[in-house]
Amino acid sequence: MAKSMTIHLRVWRQAGTDQRGKLVPYTVNNVSTDMSFLELLDLLNEDLVVKGEEPIEFDSDCREGICGSCGAVVNGMAHGTQQGSALCQLHMRHFKDGDTIVVEPWRARAFPIVRDLVVDRSAFDRIIAAGGYVSVSTGQAPDAGAVAVARKNAELAMDAAACIGCGACVAACPNASAALFTSAKISQLALLPQGHPERERRVLRAFIEDVSRIEEFRATRWRIVDYRFGSSKLEVGSQETRERRGRENGKLQESLARGRLTSPVLASPDFQLRAANSPIDNRQSRIDNPPASCPKLFDSANVLDESPEGWPSGLRRRS
Amino acid sequence: MKLDSKVPEGPLTEKWDQHKAQLKLVNPANKRKFDIIVVGTGLAGGSAAASLAELGYNVKAFCIHDSPRRAHSIAAQGGINAAKNYPNDNDSIWRLFFDTIKGGDFRSREANVYRLAQVSNNIIDQCVAQGVPFAREYGGYLANRSFGGAQVSRTFYARGQTGQQLLLGAYGALMRQVDRGKVQLFPRREMLDLVVIDGKARGIVCRNLVTGAIESHTGHAVVLATGGYGNAYFLSTNAMNSNVTAAWRCHRRGALFANPCFTQIHPTCIPVSGHYQSKLTLMSESLRNDGRVWVPKQKGDNRPADQIPEEDRDYYLERRYPSFGNLVPRDVASRAAKQACDEGRGVGETGLAVFLDFADAIEREGVGYIRDKYGNLFDMYARITGEDPYRTPMRIFPAVHYTMGGLWVDYNLMSNVPGLFVLGEANFSDHGANRLGASALMQGLADGYFVIPYTMGDYLGRESLPAVDADAAEFKEVDAEVRTRLDKMLLIKGEKSPRQFHRELGQVLWDDVGMSRNAQGLKDAIEKIRSLREEYGQNLRVPGNAGYLNKYLEFAGRVADFMELGEVMARDALQREESCGAHFREEYQTAEGEAQRRDDDFSYVAAWEYQGPDKPHILHKEELEFENVHLATRSYK
């Protein structure tokens, strides 16, 4: 039976990319335990609109956890505390009457804030444009049954392909890296014979410049990517191979010279400009904002079952 | 107005090939001189934009989301049909054609549906080549499963995420062309009007949703692939941003809207839990393979399910349809659930739900079997409702899911406005009065990959299309109209938010233009919608202004269009004095309460013409001719 609660919120409000933002407190009454988290925001917004205030902007579309539109850092965790689901699938029965919940946008230089909780994730599109596909034009395909694919590989490819492109992995990574997103697409296509002819080019274009940050990343997510998606099979497995390729490509040195990680697609002048103007210093905020696992790709044991107490210092449990 | 379907002459099986042989071509050097606007980047729009760019046209692709990959095609679960006959179960192009036209209750064009079945196999080839990870057998070959409305296994699937995987394939193809510079991508843009010059579609006016800027874009042709209008009902399985605005704007510029009353209600969705509800979630129809649907025999019996003994339960589908039982088609199952709830026998807090019970299957096959087969669906159900469906029966209720109606198109997928092509769910062409499962993905990709690349060339090769400028008077005029409309909504400063209006509209449509309809209810609905529109003009409140990201302003414009559409849906349902497919008129049913089609009088496509904001629409009819199939009555008893 649904119960009614009062929930206190502290929500990040920011009028535009180049504006300063702040956490604004709200109280919402008559919150049903059956409501989804986004419906709580709907309820608050209806109230704000009738009162003549501006509603909180947030992205959402399918509300079934598949489109990847929605997402916010809830009590310091990307998509909140529930494992394996997007924010739209988090329901209020996981909170208690009188709880205070802190809601922030994805915080990453790669994702400039558009307004309130809405961020610009076009960096993901640029990564896919750099090689997240098999180059086959309409009409070129042979019969679908012509090539057999081991069932195990098809299933592993499907695991990787299940990524919903929400950006939570970037928001959760201490370095705000897109390595998890990128490697999921690379793994999917490398596991299938259709993706083989281009696998090297794909990795070089979409991913390799990330190697300048690989040591940093290794400490966090790389091991999991490596293990789950067998990326050694992708010929990007060893540090040496990656560095050699990068050097050959002439891009690694350039990245190192710049002194920080930049993927070619994340480094467009347009994006850099906006990132420079972003009021949130991503690197600083990350310290208090520990990584959670990707909600869709991994059922990591590293995530707390409940909201951490005393935000924002709550840290996830490291196994 | 004479509606020319342009269906080619000749035997059904040869029409498409003969037609292709007649179509004009554009040589490669000339293709790059043409700009094509594609609005929408779901399965139909994404595949069209990619395929047209591969051919060499310059494509401008617009989407309402932050990325093309978010389009609602992504939420399709079950699968995609094709006549591959890999299981050797005697499937064929003919059978796929026949099942689809019969499933649509004989209200679609033979030639279009046959072509759909013909190209279905190419779609699977294309998607596999793109790296779509379809389910496979241990031998490494593609797996198939069966779906409603067919006696063969012809559905290809990628777990319960087929739509996602097909869309990511089309999205990859699209982004490849972005990388090549052949597609210019315009995300977070909402098309707000069509620009017609010398009677031909030559561009669009859209709003940049981030900056609020009103932009004009020119092209030699416009391809609309903006999905269906199920969100008119407010609560549906559609995504929050799914809307009719782009299509409706084209309609107001002269494009006919066909069969608006054909809206599909899916029987197995998670029921509404409260007034705050923003959308409904579908539970795959495959659950009805093992679940038994029931309600208590007595009204107002609110004992928990496990305390209601067998003799007090009514397994109404098994009782009424003994040969199909729980596996009757979607429209039949939906109506039966509504009847049970109308009789006061619904379950749950709201009384608007029926049980879908797996207890027998669990006892027969074991929990492990059920978990393997439906585990992800059971998890989704548990997450949303907080109940454990392994222990207590699921509660389900029908919800609006898909719209068969849409903008009228000819065999070339061109609307009656030259140069305006309409693909996917946005057009009306292939599903008649009811769509079969796993056919929406097939149609979207057929239109985008294998039809529009051929018919577009014919249009561009045939017509003389002088260059137009975004500064032309026609563009300026439309631009000004768009701005005026936005300003008007902001200036009302009333007391009700657009969502409140939308909710009220949805309730009217659900009550009177929903699962079953009657003349009085439909007339009432028209009146209620009119007074709602009047109130909207005086009491709407939109916060902020048009100069930045303002979702409530977007909603407000869409709700206005849904209200105009809602009235036409009711009028269309009123004039169609028969029951067919998803359209059930209470006056036209058999003694047993089954749908009664009236082929002699209503075997036509109803295409509505817009006359002006306060003038009634004009009805045009395209008679449907059936030369190859016999019009039979569906029976599931």
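1. Helix H1 (residues 37–50) of chain A lies across strands E1 (4–13), E2 and E3 of chain A. H1(A) runs at about 100 degrees to E2(A). Angles run from 0 to 180 degrees between N-to-C directions, with axes fitted to C-alpha atoms, for helices over the stretch in contact. Helices (H or I, at least four residues) and strands (E, at least two) are DSSP runs, numbered from the N terminus.

2. This is a predicted model: local features need pLDDT of at least 70, side-chain atom pairs count only at pLDDT 80 or more, and totals for chains, interfaces and linings use all residues. Residues are numbered from 1 along each chain as its sequence is written, while chains are lettered from A and ligands numbered from 1 in the order in which they are written.

3. Chain A has an open sheet of five strands, in the order E2-E1-E5-E3-E4, with mixed pairing. Strands pair if DSSP finds at least two bridges between them. E2 (22–32) and E4 (77–78) of chain A each have a single partner strand, so one side of each lacks a neighbour in the sheet.

4. Within chain A, E3 (residues 73–74) and E5 (residues 100–104) pair in the antiparallel sense over two bridges. A:Val73 has A:Glu104 as its bridge partner in E5(A).

5. In chain B, four bridges join strand E2 (residues 58–62) to E5(B), and the two run parallel. B:Val59 has B:Val183 of E5(B) as its bridge partner.

6. Now the chain contacts. 65 residues of chain B are in contact (C-beta atoms, placed from the backbone, within 7 Å) with 67 residues of chain A. H6(B) gives the most to the side of chain B that touches chain A, with nine residues.

How values were computed:
Contact = placed C-beta atoms within 7 Å.
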